Amino acid sequence: MVIVRREGTLEPLVIQRDLQYQLTAGLFRHNDIIGKPFGCKMYSHNKKCTITILAPTPELWTLSLPHRTQILYASDISLVCLMLEISPGSVVVESGTGSGSLTHALARAVGETGEVHTHEFHKERCEAASTEFKSHGLDQIVSSYHRNVCQDGFAVQDKADAVFLDLPCPWDAIKHAVSAFSLDGGRICSFSPCIEQVQKACTALSEEGFEEIQTFEGIERQYQLSRKRIWEPFVGNQRHKKFRSDQRSGEKADNGWLNAYVKGGPKKDGVGHTGYLTFATLHAKEFLTKKLPKDEVEETIAE
């Protein structure tokens, strides 16, 4: 489950009998939490602090997971799932497991009838992610591989409906992604923080026969509500005197001299640029035509 502290901090918690969850202001016994419905608020043993217990979801896991790498957040994840046309039963290949933020969302999107094959070149990160997938009950959907796809290609061949790349050099893996797609082709997405990476990836996509190449940048801007109070004194000498007398008597709120309203505005702090998402389509492999190198194009024109 995921717990929310009073200050709004989210933290994953594994409930086990006879254990305790300790905070500075008090402790919570796991035995007291067992059997409680999700969404309820619980008080510590000394009644000085509270926590709210929530059901684990990919969105909450993204906000509370242990960071091993930079992760994708909900705004980018939702666009990836939409543009890759992922649905129950889809087979998705991912490279760059990282902290597993996107992998959890992909597993929910493909459902019990789908498959997610995720690759990570860093051995420790791959093992940590595999342990999390198993503990979260996703080991029947998610298959994790310790593999450098830029050199060795993907572990899945002629099967994928969608491919996602989160790599420093995605252009080196695009040629291998073609082999991972099923005969019907599919959609690919490359996530890169720098525009120079996007330029090279787009060139490689075009050379490998991908079409409908598009790049998006999602900037999340959250708004917050706050309650403000403003003074509204009457205009004019007599009314100004009445306003000052009401101020001294403390009756300004009752007489309508103080007006409260709700104000909305963007948060000063928040997630800015995360990265660029480049999408492309690979049509059925039997109709796949790669762009010819420059010297071959000149020979073809001469003939």
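This report covers the nonpolar cores and salt bridges of a predicted model.

## Basis

The model is predicted: local features need pLDDT of at least 70, side-chain atom pairs count only at pLDDT 80 or more, and totals for chains, interfaces and linings use all residues. Residues are numbered from 1 along each chain as its sequence is written, and side-chain values use heavy atoms, with hydrogens and water left out.

## Nonpolar cores

A nonpolar core is a set of buried Ala, Val, Leu, Ile, Met, Phe, Trp, Tyr and Cys residues joined through side-chain atoms within 4.5 Å. Buried means under 20% relative accessible area, exposed over 50%, and partly exposed in between (1.4 Å probe, protein chains only).

The largest nonpolar core has 25 residues. Val80, Leu84, Leu106, Val142, Phe164 and Cys189 touch the most other members. Helix H4 gives the largest share, five residues.

## Salt bridges

A salt bridge puts a side-chain nitrogen of Lys or Arg within 4 Å of a carboxyl oxygen of Asp or Glu. By this rule there are five.

Arg68 and Glu132 form one of them, at 3.0 Å from N to O. This pair links distant parts of the chain, 64 residues apart. Arg68 is partly exposed at 25% relative accessible area, while Glu132 is buried at 12%. Glu120 and Arg125 also pair, at 3.2 Å. Both Glu120 and Arg125 are buried. Arg5 bridges to Glu11, with the closest N and O atoms 2.5 Å apart.

Notes
Helix = DSSP H or I, 4+ residues; strand = E, 2+ residues; numbered from the N terminus.
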